[in-house]
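Here is my note on the model you sent. Please keep the structure open while you read.

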Amino acid sequence: MSAASGREPRPPQTRRLRRLAQRLLLRAGGGGLVLLASATVTFFALHLTPGDPVRALLGGPTSNPTPETIAAAVKEFGLDQPLLTQYAIYIGRLLRGDFGVSFSQHLPVADVIAEQVWPTLQLTAASLLVAWVLALVSVLGTTRRGRWVSGLGSAIETVSASLPQFWLGIVLLAVFSFGLRLFPPEGNGGLVSLVLPTLALAVPLAGFLAQVMRESLELALDQPFILSARMRGLGDWPVRWRHALRHAVLPGVSLSAWAVGSLIGNSVLVELIFSRQGLGRQLYQAVSLQDMPLTIGITLFVTLVYIVTSILVDALYVVVDPRIEAGRT
Amino acid sequence: MVAALSSAGLDADSVRAGGAPVAGGTLTYATDREPTCLDPHVDGDMPQVFVAQQFLDSLVSMDQDGHIGPWLARSWTVSPDGKTYTFKLRDDVTFSNGEKFTSAAVKANLDHMVDPATQSSTAGGYVRQYVGTDTPDDLTAVVHLSKPYAAFLEVLAQGFLGIEAPSALKRSRDENCQSPVGSGPFKVTRWDHQSQVVLERNPDYRWAPLTARHQGPAYLDKIVWKFIPEPSVRFAALQNGSVDVIEAVPPESEAAAEKNPDLTLIVKDRPGNPTNGELNTRRAPFDDIRVREAFVRSADIDGALASVYFGRYHHATGPLSAVTPFYSGDFQHADDYDPDRANKLLDEAGWTERDSSGLRSRNGQPLAVHIPIGASIGPAERSLWEQVQATAGQVGFDVRLEPVGDTESSERQGKWDYDVTLDYWNTNTADVLRIVFGSEFLGAAGSGGYHQNGSGLQNAAFDDTVEKALETQDEATRRGLYRQAQELISGQYLQLRTYPQSTRLGVYKTAHDVRLEPSLTVTTLYDAWVSK
């Protein structure tokens, strides 16, 4: 039992569970609303984009469609209906779990997502993990280690946090793939091909996480309980690991839900640069072709991942710091 | 010395072959764009025909000189009125699903292309004259057209009009998009979207066209057709041999490829209307032929191509690319760079007022040229037009490059809301002139009123000429008429032609006998083999 949480009285187990269930329900309801809002915004945003999607879905600028062909496409995708009718039909379908058929892929949206989701989740999960490891190494290794080490660590974190993912991706490609030929430049060929894209996403995120954690760690290391632990004769590493770390990771944990969302967003560029299969690259194509069903489908899916992650992070937060639970009652 | 001379006469892949073709193995091919549907009848964009060429056969073939030869059809006759084509078919062809190829397949395919539900924008557009097919027996297909169409055989030779198995076509369009079935040397066995298409050898293949280098099944066991959109990554994958062939070699890498002993470049222009900016004649300032000529002559395309494409792309030499049947080289200097003449023409046309930066105006109206640049136009192409902007600016044109989304760009095209629209048209027939400049393509052919005739030319003499060229199969007559059509167009200054579309392959030392077929300059891997 750590010094920090030991002081708080625990609520009875049943009350605790009930409260947790209530909160989860509330979060789920809120999540549903967010999904609906996300679908609505995407739908109207795509419709406000100038131009007619029919042309794009009939083969681009070098095609030669007959008027009958165009009429058939317009009818098939319901593009001849008034906008609000299209919206109502679309939301009705979504509520029934029907995501429609992609204009550009000639496949059900659910199938397209199912085919592309695994490589993106792999990339996102790997990046989040690597970002955490890098951030912890930097923070625990350099915080309060004398002015020079500490300053250097902090500077590296600041620089990493500001690196654009696509630029980093190109540099990694140039050095490790084109130059040293250590990693394949493209594709989804297992763990080796995951390394460079993961680093491109993880390094800037690690810098950001570390900046936030460093501040908390510094605060924690100034707390009296750290001093008392040191006075009990604990070494520097045990103090950091067993006492200060818990405080330092809290802001990192709460940032992780946001991080997952941003990782999926940034995967658009990284997947393009590394020619990786994935949702990001698919979303890019769907938007540029005004492929309404697919764009909304992927947006909804990413939103869902974000909602689920923030619920998980919420739960994890309570595990890391039970005071939160007590404090909210 | 003698040996060096004689080998220089052969083409590069034959030199490197160093022996007889070896059967077996996998060739990895990487290209920039992924098709949205593998059935080339649906939509009809270039990436589709590149894959289709590996698994579909055509009714007829086209050779390097543009001559039409047999393929799935052994022979054919054309009725005197030019409206009925009778094809005699091979009797030994089966599709890769075991189905026999008969006249019913010819009918099913043509019917499929013109069916609006197929949403065919290329193949369907090429056979608008199609009325129906009679099948008096299994080996005879009698195709009826509504009017004479001498380019019919030419378009039939294109992979876009490849012949698919009728039972496969009976499935839903979207299902057929995922797994089309042909009678070609390879068959589609898998499509991992955003990643690759896998094709495997058709072991029963015995009906290659005479344009091929061998007969019988293909040498390769398997083709992995990958999609690597990023050009530098694609080229790096070729350099380290992780792919055997890449398409769309980036121009900035071509010099490196030539220096690398492991690599060979195969570069060839595509037939059709070269890449160009079409000048909208339906509004000022380009409703005045003097202003059109001034614009065309004010743009230093040679200089722009040299700087943007590292001298790798050459200036197109007319409204047809030089590899198009019935191309005439007589008009290649009709619109050469000549800023003095451009200035003189603009003065004559009354655009004489100049502002402090030298841009012209007339009665207070600036000499503005609006050019929508769609999102899918690549950065090099944009730079090219920035160069046009700079050189045309020197004679007083206020060229405004306007970045827009692709759908907006096609909508503006449909509304004639542009002064220049960027375009090209790949097809293996001089009949492309009719599509790009003919009055019948002015109308609302496409969505939002999109029209193929982007310059808005309406010229009865021209229409008459290209129409007449479709009424006869006589080669000399057609050549004369198409020469006349090219002359008419050249004098009108309707397009600022830049460079011909081209296919640019990079080949690693492990791949041999990779060829470009002549109908659309599309890769064919039927004769290819690998040593590794």
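This is a predicted model: local features need pLDDT of at least 70, side-chain atom pairs count only at pLDDT 80 or more; totals for chains, interfaces and linings use all residues.

The points below cover an annotated domain, then charged side chains and their partners.

1. **The annotated domain.** UniProt, in an unreviewed entry, places the feature "domain: Solute-binding protein family" at residues 68-432 of chain B. The end C-alpha atoms of this span lie 17 Å apart. Its make-up is 28% helix and 25% strand.

2. **Salt bridges overall.** Over all chains, the structure holds 33 salt bridges. The next points take up some of them.

3. **A link between distant parts.** B:Arg504 and B:Glu254 meet through their side chains in a salt bridge of 2.6 Å, N to O. The two residues are 250 residues apart, so the pair links distant parts of the chain. B:Arg504 sits in strand β21 (residues 502-508) of chain B. B:Glu254 sits in helix α10 (residues 251-259) of chain B. Are these residues buried or exposed? B:Arg504 is buried, at a relative accessible area of 6%. B:Glu254 is buried too, at 2%. Both values fall under the 20% cut-off for buried.

4. **A pair with unlike surroundings.** The side chains of B:Arg434 and B:Glu440 also form a salt bridge, at 2.8 Å from N to O. B:Arg434 is buried, with a relative accessible area of 4%. B:Glu440 counts as partly exposed, at 43% relative accessibility.

5. **A pair within one helix.** B:Arg479 forms a salt bridge with B:Glu475. Their closest N and O atoms are 3.8 Å apart. How are these two residues placed in helix α18 of chain B? They are four residues apart in this helix (residues 475-490), so about one helical turn separates them. B:Arg479 counts as partly exposed, at 42% relative accessibility. B:Glu475 is partly exposed as well, at 39%.

6. **A network.** Which residues are linked in a network of salt bridges? They are B:Arg283, B:Glu402, B:Arg412, B:Asp417 and B:Asp419.

7. B:Arg515 lies in strand β23 (residues 515-517) of chain B. B:Arg515 is buried, because its relative accessible area is 13% and buried means under 20%. A polar contact of 2.8 Å joins its side chain to that of B:Asp527. Neighbours within four places in sequence are left aside here. The contacts of B:Arg515 then include B:Thr211, B:Ala212 and B:Arg213. B:Val522, B:Thr523, B:Thr524 and B:Asp527 are also among them.

Key. Residues are numbered from 1 along each chain as its sequence is written. Chains are lettered from A and ligands numbered from 1 in the order in which they are written. Side-chain values use heavy atoms; hydrogens and water are left out. Buried means under 20% relative accessible area, exposed over 50%, partly exposed in between (1.4 Å probe, protein chains only). A polar contact is a pair of N or O atoms within 3.5 Å; within protein, one must be able to donate a hydrogen and the other to accept it, and residues adjacent in sequence count only if both atoms are side-chain atoms. Contact means heavy atoms within 4.5 Å. UniProt positions are given in the numbering used here, feature names are shortened, and annotations may be inferred rather than shown by experiment. A salt bridge is a side-chain nitrogen of Lys or Arg within 4 Å of a carboxyl oxygen of Asp or Glu.
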